[in-house]
There are 2 protein chains.
Amino acid sequence: MRVLGVDPGLTRCGVGVVEGTPGRPLTLVGVGVIRTPADMDLSRRLLAIETGLEQWLAEHQPEAVAVERVFSQHNVSTVMGTAQASAVAMLVAARHGLPVALHTPSEVKAAISGSGRAGKDQVATMVARVLRLAEPPKPADAADAAALAICHIWRGTANSRLAAAIAKQR
Amino acid sequence: MRVLGVDPGLTRCGVGVVEGTPGRPLTLVGVGVIRTPADMDLSRRLLAIETGLEQWLAEHQPEAVAVERVFSQHNVSTVMGTAQASAVAMLVAARHGLPVALHTPSEVKAAISGSGRAGKDQVATMVARVLRLAEPPKPADAADAAALAICHIWRGTANSRLAAAIAKQR
């Protein structure tokens, strides 16, 4: 399974493609950051993020996209931009018929490090260990995107079972 | 000048196309609502909104798009969806090379009714009067979208002068 993780943001949108299956070593296919200048018109920034994500999809052909779930509670000043960047990620994935999963930061931290309260450095260190890298991907947004993809692969089986059970209930 | 106003929302995204110039009677070209079901996957809802907006652009060929500016302060429960729908509207406009303007609800109310605190009904009544309609467009989201387009046309001249002055300062 090949997953594109997206850590949404206007200034830095982290992207990471991870391949593998639960219980086996995972491989980092690619990791990076899509940047847009803060003084650019908001609509053009969203377009630049779309263009960047389209390139990542075209180059790496993931089967699923995992996006960080944005909450309105924290970081009120940046949350709107994050929500808008995440909308672009979801939209691009949907346009390509790819399944989109949202994972909260706590879910990602818990999946990667065993604790929902793990710090940024701890998550980055675990990402490097899981993907057998000499050092964590940089900047932090890139490491977070890779962590999202890892989380999605590891939670995949459990989530599919849950979804199937819910579907059966209905 | 022909403007597409967008009152962003996931369940009901209001759209209204208004044509005219400040100081002359304005004409309603079209008004409506793009709806997406609440039980649909979020990424598919955003895709449906994109498809709907693309159809409005193709059919009515506006020269500018006016989107309601979303604030994170109020309606915390729905604000994320509103922000995401607005991102789709901005993105679609940018992709077509159209200028995008954001107007706050207060700006729209003030432009339409003379008061930034006008109620929904008051705005809808003024929209009908300005556009010489027998009754306000329904539902409220459609009327709000038309109000955004009117606001944009009426504020256009002042905004352009302001933008030019700011650009000159830099």
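Tutor: Helices and strands are taken here from DSSP runs, numbered from the N terminus: a helix is a run of H or I of at least four residues, and a strand is a run of E of at least two. The model is predicted, so local features need pLDDT of at least 70 and side-chain atom pairs count only at pLDDT 80 or more, while totals for chains, interfaces and linings use all residues. Residues are numbered from 1 along each chain as its sequence is written, chains are lettered from A and ligands numbered from 1 in the order in which they are written, and side-chain values use heavy atoms, with hydrogens and water left out.

Student: Which elements of chain A does helix 1 of chain A lie across?

Tutor: Two terms are needed. Contact means heavy atoms within 4.5 Å. Axes are lines fitted to C-alpha atoms, for helices over the stretch in contact, and angles run from 0 to 180 degrees between N-to-C directions. In chain A, helix 1 (residues 42-60) lies across strand 1 (2-7), strand 2 (12-19), strand 3 and strand 4. Its direction is at about 165° to that of strand 3 of chain A.

Student: In what order do the strands of chain A stand in their sheet?

Tutor: Strands of a sheet pair through backbone hydrogen bonds, either parallel or antiparallel. Here two strands pair if DSSP finds at least two bridges between them. Chain A has an open sheet of five strands in the order 3-2-1-4-5, with mixed pairing. Strand 3 (27-35) and strand 5 (100-103) of chain A are at the edges with a single partner strand each, so one side of each has no neighbour in the sheet. From one strand to the next, the twist averages 20°.

Student: In which sense do strand 4 and strand 5 of chain A pair?

Tutor: Strand 4 (residues 64-68) of chain A pairs with strand 5 of chain A in the parallel sense, over four bridges. Val67(A) has Leu102(A), in strand 5 of chain A, as its bridge partner.

Student: What is the strand order in chain B?

Tutor: The order in chain B is 3-2-1-4-5, in an open sheet of five strands with mixed pairing. Strand 3 (27-35) and strand 5 of chain B are the edge strands; each has a single partner, so one side of each is without a neighbour in the sheet. An antiparallel pair in chain B is strand 1 (residues 2-7) with strand 2 (residues 12-19), joined by six bridges. Val3(B), for example, is bridged to Val18(B) in strand 2 of chain B.

Student: Which residues of chain A carry the UniProt annotation "binding site"?

Tutor: Such positions are given in the numbering used here, feature names are shortened, and annotations may be inferred rather than shown by experiment. The unreviewed UniProt entry places "binding site" on Asp7(A) and Asp141(A). Asp7(A) is in strand 1 of chain A. The annotation in the unreviewed entry also covers Glu68(A), a residue of strand 4 of chain A. Leaving out residues up to four places away in sequence, Glu68(A) touches Val6(A), Asp7(A), Pro8(A), His103(A), Pro105(A) and Leu148(A).

Student: How much area do chain B and chain A bury between them?

Tutor: Buried area is the accessible area (1.4 Å probe) that two parts lose on being put together, summed over both. For chain B and chain A this is about 2100 Å², 71% of it on carbon and sulfur atoms. Each side's share of the contact is given by 27 residues from chain B and 27 residues from chain A. Two salt bridges are counted between the chains; Glu50(A) and Arg95(B) form a salt bridge through their side chains, at 2.7 Å from N to O. Helix 2 of chain B gives the most to the side of chain B that touches chain A, with twelve residues.

Student: Where is there a cis peptide bond in chain A?

Tutor: Lys138(A) and Pro139(A) are joined by one, with omega about 0°. Pro139(A) is in the loop between helix 4 (120-130) and helix 5 (140-169) of chain A. In chain B, the bond from Lys138(B) to Pro139(B) is cis, with omega near -5°.

Terms used. Salt bridge = Lys/Arg side-chain N within 4 Å of Asp/Glu carboxyl O.
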